[in-house]
Amino acid sequence: MNSQQTLTLTTFTDPMMGLSYESEPFFRKLETHFPGKITYRYVMSGLVRNVYDFVDQEDLTVSKEYALEKYRLKLAEIYKSEEDITGMPINMTDLQLFTTEYTSSIPLNLAYKAVQLADSSKADHFLYNIRFATIVECRPTTRLEEILAVVKDSGVSADKFLKHYQDGSALAAMNDDFMLRQSLGVRGLPAYLFEYNGKRALVNGVIGYEQFRTMIKKLSGGELTEKQPEISTESIRQLISQHPLISPVEIKEAFNLDSEQEVLERIRPFLLTKEILIKQVHRGWFIQKQ
């Protein structure tokens, strides 16, 4: 086997997806258990292209506002039910993602592609941050001003972002993503495309770490093997450096720790040196690199 051979794992998703947000701990575990063996890629898939396709059509006979209010309540319940997947905190205290003026998640998909074009090294960090803003902070991220705030927080030039967001280049890249999804027959979101040495396999729907590991072993013919990560101050520091905003659930899964309390004990040296801070959120907390 070529020692440089890696598996490409493509996730078909949308930045508003609670299912992808709740799957982050599985990806942290893949990163630490298959270090350097997986290339990660995200394809935008336009989950809600028109919110009126999802509302109750009878509610629309009353008014658009009424139909959207009923749908917002339903959507909030869907989000909250997804919290059970890994326990990543979800906050739906005042969900205003869709209104009569903002009727699509397309701006979020377009924003990811614009960030990719503006600074590809920060695109996945932006994707995490926009999910956090949407699902944890419950911000109305379909609005450009909210997107721009996340762009800046992610260390991306707002001017470069806006250029691609508005000049058609991000739109073309997003449409390429949509065409790829269609060509592969992706039905539900999220979906995962595994590619290794000319072989590929597509899996629709949420899967856990064990299923990821099984697919990797199967597609690589056992060439890619799992490695138990070293648990040390430096290895945890490295993970936080790679993911400047991260939940204790992710660190717990990445290093097979017993509890969030153990995570807290492990990160205490970084708190003392002020390398990180604890970011309190609704019914939970995150770690933010300073």
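In helix α2, the residues Glu-24, Pro-25, Phe-26, Phe-27, Arg-28, Lys-29, Leu-30, Glu-31, Thr-32 and His-33 are buried. Buried stands for under 20% relative accessible area, exposed for over 50%, and partly exposed for what lies in between, with a 1.4 Å probe and protein chains only. The helix is thus mostly covered, with 10 of its 10 residues buried. Helices (H or I, at least four residues) and strands (E, at least two) are DSSP runs, numbered from the N terminus. The model is predicted: local features need pLDDT of at least 70, side-chain atom pairs count only at pLDDT 80 or more, and totals for chains, interfaces and linings use all residues. Residues are numbered from 1 along each chain as its sequence is written, and side-chain values use heavy atoms, with hydrogens and water left out.

Pro-25 is located in helix α2. Pro-25 counts as buried because its relative accessible area is 0%. Not counting residues up to four places away in sequence, Pro-25 touches Thr-86, Met-88, Val-249, Glu-250 and Glu-253, where contact means heavy atoms within 4.5 Å. Pro-25 also lies 8.7 Å from Tyr-209, C-alpha to C-alpha, although 184 residues separate the two in sequence.

One of the partners of Pro-25 is Glu-250, which belongs to helix α12 (residues 248-254). Is Glu-250 buried or exposed? Glu-250 counts as buried, because its relative accessibility is 0%. Leaving aside neighbours within four places in sequence, the contacts of Glu-250 are Glu-24, Pro-25, Arg-28, Met-88, Tyr-128 and Phe-286.

The aromatic residues come next. A pair of aromatic rings is described by the distance of the centres and the angle of the planes. Rings of Phe, Tyr and Trp (its six-membered ring) pair if their centres lie within 6.5 Å; planes under 30 degrees apart count as stacked, over 60 as edge-to-face and the rest as tilted. The structure holds nine aromatic pairs. One of them joins Tyr-192 and Phe-212 edge-to-face, at 5.0 Å centre to centre and 75° between the planes. This pair links distant parts of the chain, with Tyr-192 in strand β3 (residues 191-196) and Phe-212 in helix α10 (residues 209-219), 20 residues apart. Tyr-192 is buried because its relative accessibility is 0%, and Phe-212 is buried because its relative accessibility is 0%. Both belong to one aromatic cluster made up of Phe-27, Tyr-40, Tyr-42, Tyr-192, Phe-194 and Phe-212.

Rings also meet charges. The charged end of Lys-29 sits over the ring of Tyr-209, 4.8 Å from the ring centre. For Arg-49, the charged end sits over the ring of Phe-178, at 4.1 Å from the centre. The criterion is that NZ of Lys or CZ of Arg is within 6 Å of the ring centre and within 35 degrees of the ring normal.

Rolling a probe the size of a water molecule over the atoms shows where empty space is left. On a 1 Å grid over the protein atoms alone, a cavity is a set of points where a 1.4 Å probe fits but cannot get out; a pocket is an open set with protein on both sides within 12 Å along at least five of seven lines, and lining residues have an atom within 4 Å of a point. The largest pocket contains about 720 Å³ of space. Its lining has 29 residues, of which Glu-31, Thr-32, Leu-239, Gln-242 and His-243 lie nearest the centre. The elements that give two or more residues to this lining are α2 (24-33), β2 (38-44), α6 (123-136) and α11 (233-242).

There is one cavity of 30 Å³ or more, and the largest cavity holds about 40 Å³. Which residues line the largest cavity? They are Thr-11, Ser-20, Ser-23, Glu-24, Phe-27, Tyr-42, Arg-131 and Tyr-192. Among them, Phe-27, Tyr-42 and Tyr-192 are also members of the aromatic cluster.

Some backbone details remain. The peptide bond from Leu-189 to Pro-190 is cis, with omega near -5°, and Pro-190 lies in the loop between α9 (169-184) and β3. Cys-138, a residue other than glycine, has a positive phi near 55°. Cys-138 is found in the loop between α6 and α7 (144-153) and is buried because its relative accessible area is 10%. Asn-256 is not a glycine either, yet has a positive phi of about 55°. The loop between α12 and α13 (260-272) holds Asn-256, which is partly exposed because its relative accessible area is 35%.

Technical notes
Points joined across faces, edges and corners; volume = space filled by probe spheres on them.
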